[in-house]
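Colleague: I have a few minutes before class. Can you walk me through this one?

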Amino acid sequence: MSGLPVTDRTYSGAAIAAPTRTPLTWRIRKYLGFVFISPWLIAFLAFDLIPTASAFWYSFTDWNVISGSSNWVGTANYREMIEGDRLFWPSVRNTLYYVGVSVPLGIVAGFFLALLLNTKIRFQGAYRTLFYLPAVVPTVAATLLWIWVFDTRNGLLNRALGVVGVDPIRWLTSPDYSKQALIIMSLWSIGGSMVIYLAGLQSIPEDLYEAADVDGASWLSKTFRITIPLMTPTIFFNLLLGIIGSFQVFNAAFIMTGGGPVNSTRFYMLHLYETAFQDSRMGYACAMAVALFMVVLAVTLFVNWSSKRWVFYS
Amino acid sequence: MTISEHHKRLLDRHTSRRRILKTGAALGIAPMLPVGAATTRAQEQITIDYWNWWDVYRVELMDGIIAQFQIDNPGIVVNNVPQTWDRRDEVVTTALSGGEPPEVIMASRQEIVRFADAGAVAPISKYVEADAIDLTRYYDSEIASMWWKDQIYSLPMPTAGGETGLTFYSKDQFTAAGLDPETPPTTWAELDTAAAALTKRTEDGAIDVMGASLDFSAGGYLANLYVNAGTLYSEDLRTVAFNSEQGVQTLQWMLDFAENHYGGYQNMLDFDLQFTEGQQPLLMGPVAHQYQNVSMFFHIEQNDPGFNYGVGYRPYNSDNPNAKFQGVAGLTFGWGYIIPSGLDPAVEEAAWKFVKRITYEDVGACSFMQSQLRPSPLQDCNSSTVFSESNPHWDKVLGALESDVPVGIVPPQSQVFSVLTEYLELAAFGEVDAQGAIDEAAAESQAMLDEYWGTQA
């Protein structure tokens, strides 16, 4: 405001006195936005930013959460992760396997389901509700239910497979199948992503399909040339959420298998949790958390970078 | 753990004496009184938040004890805060490290040692001494679990013993299998014979009836190790001792048992998967002979009071001349009540008074266990005729408690158990033989012990 003349003229030529300083309300208004977002900002600082920054710091210490003792150990925690922790690499391998299979499977299944439920059929709303319901069932309840489904001898899944002549599979008691079982279980809650896909599908302009119909395009052709390209922003969004969520897989293994059999479902977060709360080695657990954060960040950035090539926003 | 010198001094100070159970009046009146009925002025009031895992029907019993305690101790208000089992480790750790812990926390034996070692809980030795607590009232194996490095940190309740020593079996199934229902197996050889007669498998090899349960966790293995004259650690807790001849022999026996009777460990896992937590396969029929702690009496009473069962002791290895029946106390089970360090002295003292009430005084400690028909760590509480009249197997319970040996543990115990369990499972899956599993588990456990003791120099 210092560049303004002391007086100015209006369009009518009448001289008016220009304010010598900005009114207080204007100066306050500049910061008013911060006041409005302060509840979120304070919570973000208290529960996200500061704890995250603290975790970085503590990852270089031997912090024992019970005694409160914390000594600087440099990169010892990170070296132990790579060289000394015999459960670290198995947990990484298990988690990568889970992410690599469950995320694409979840996207395909969720998208396919949304396509089906986007067609004009009777009881469409009821179907949508039914498929969404599992997404709101508490994980613990769902997990207990799935233990019955996966029961080797009397489980629903093996009984169904038995009808087509498949021998009983040891879903939860064999290291060869336990991860697959948890991946199958993860599909139980695709209702959440399905709803997002449905919203995306309904935002695709109808006239594009009408034009394609005029040109005699088949359903498959319309799906691959109109629907999927225009759904890529939604797929991208679900992909990111899926990757981040899958890297943090915990509940199912914690409740159903406890990491077994033979560590086949010892996922990264389960190992981290036990290190932190059963062994009280919070410094090392922080290092594990930081490493996970870095990996998820790197994967997210990569997916984000790659999105320029396959996500279409118009 | 060996009983420390300080412990011995305290034990010697007091002569052992019988206590008369005073339960009826207190429990009869107490539930009628509102919890929090402190009669003192608000400004003098001390509030104790008491976190515990005595849930369901025990809440009312505990509320009764608290109400009576508040009458006896005007000025102290106790909030009974039962917690859920879900993510227990996380809840307790966060509470202690968060700076505002509850004044009394029910803690497992492993937690007590770990927290005590970290200085997170207050030793109660001075109160034990000042209040002339007669530690000889407790079973030796029970009270020994409450010590760490010459300080006592809690008093026990319920029993840590009676956990591994008892077996329960179906007399009807014994009879049907041609076994004497009044003579449970007492040795490994007899257990083999019984399991062979009792087990039923389907054509495809799956288990229909498990003749005798077998636990491949660290706790299950160590319970068998102790009836084969083996030990977990050396006396000074600095050296792993389960990698002995008995250690390998015990695991080999378990592997053979699983293979011979059940067709391997995976069949056992498939069998276990059928039952949800809280179900009692022994009462349902699919298990004929089961290792179970004293809570089984309550489960039978609640679920199937007419169940025709017998009680025996954990079979031991009669081929080993040094082996005998003995239970282990405090290895995988055992509870005490800790007071976090750093409390205001008046609050700490009030917390101690409450801990004393629920772990030592007849009206709290004895009555609470008696109401559940469970034995108390206090020997004299268990002589009540209430038990012997209501439980025909009470002599077996007392025998198991008296046989229990205290087993010392170390602060990184959860890590040692985790390693041991992992290698036991590898052996059970046939990935490694018994000798290899024990050797590997011992080497890694020893490294953990060395690391821990290295920091204590």
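Colleague: Where is B:Pro158 found?
Modeller: B:Pro158 sits in a loop of chain B, between β5 (151–152) and β6 (166–170). This is a predicted model, by the way.

Colleague: Is the peptide bond from B:Met157 to B:Pro158 cis or trans?
Modeller: The bond from B:Met157 to B:Pro158 is cis. Its omega is near 0°.

Colleague: And over in chain A, which peptide bond is cis, with omega near -10°?
Modeller: That is the bond from A:Gly260 to A:Pro261. A:Pro261 is placed in the loop between α11 (251–257) and α12 of chain A.

Colleague: What is the phi of A:Val262 near?
Modeller: Phi of A:Val262 is near 50°. That is a positive value, and the residue is not a glycine. A:Val262 also belongs to the loop between α11 and α12 of chain A.

Colleague: How many other C-beta atoms lie within 10 Å of A:Val262?
Modeller: A:Val262 has 18. Buried takes 20 or more and exposed takes 12 or fewer, so A:Val262 counts as partly exposed.

Colleague: What about A:Phe123, where does that lie?
Modeller: A:Phe123 lies in the loop between α3 (88–117) and α4 (124–136) of chain A. Its phi is positive too, at about 60°, and A:Phe123 is not a glycine.

Colleague: Is A:Phe123 buried or exposed?
Modeller: A:Phe123 is exposed, because it has 9 other C-beta atoms within 10 Å.

Colleague: Let's switch to B:Val128. Which helix holds it?
Modeller: B:Val128 is part of helix α6 of chain B, which covers residues 125–130.

Colleague: Does B:Val128 count as buried or exposed, and why?
Modeller: B:Val128 counts as buried, because it has 23 C-beta neighbours inside 10 Å.

Colleague: How many residues apart along the chain are B:Val128 and B:Trp352?
Modeller: They are 224 residues apart along the chain.

Colleague: Zoom out for me. What makes up the secondary structure of chain B?
Modeller: Chain B has 20 helices and 13 strands. Its radius of gyration is 23 Å, close to the 23 Å that the globule rule gives for 457 residues, so chain B is as compact as a globular protein of that length. The C-alpha atoms of chain B fill a box of roughly 75 × 55 × 40 Å along the principal axes.

Colleague: How much of chain B is buried?
Modeller: Buried residues come to 50% of the 457 in chain B. Take the contacts in chain B between residues at least 6 apart in sequence: 75% of them join residues at least 24 apart.

Colleague: Now chain A. What does its secondary structure come to?
Modeller: Chain A has 13 helices and two strands. Its radius of gyration is 27 Å, whereas a compact globule of 314 residues would be near 20 Å. The box filled by its C-alpha atoms is roughly 95 × 70 × 35 Å, again along the principal axes.

Colleague: And what share of chain A is buried?
Modeller: In chain A, 29% of the 314 residues are buried. Of its contacts between residues at least 6 apart in sequence, 65% join residues at least 24 apart.

Colleague: Last topic, confidence. What ipTM does the predictor give the complex?
Modeller: The ipTM is 0.78, and the pTM is 0.83. Chain A averages a pLDDT of 89, with 93% of the residues at 70 or more. Chain B has a mean of 88, and 90% of its residues reach 70 or more.

Colleague: Where in chain B is confidence lowest?
Modeller: The lowest is helix α2 (residues 24–29) of chain B, at a mean of 37. The highest in chain B is helix α11 (residues 245–262), at 98.

Colleague: Which residues of chain B stay under 50?
Modeller: Residues 1–42 of chain B do, and the model has 70 contacts beyond four places in sequence for them. In chain A, pLDDT stays under 50 over residues 1–14, which have twelve such contacts.

Note on methods. Residues are numbered from 1 along each chain as its sequence is written. Chains are lettered from A and ligands numbered from 1 in the order in which they are written. This is a predicted model: local features need pLDDT of at least 70, side-chain atom pairs count only at pLDDT 80 or more; totals for chains, interfaces and linings use all residues. pLDDT is the predictor's confidence in each residue, from 0 to 100. Two residues are in contact if their C-beta atoms, placed from the backbone, lie within 7 Å. Helices (H or I, at least four residues) and strands (E, at least two) are DSSP runs, numbered from the N terminus. The radius of gyration is taken over C-alpha atoms; the globule rule is 2.2 Å times the number of residues to the power 0.38.
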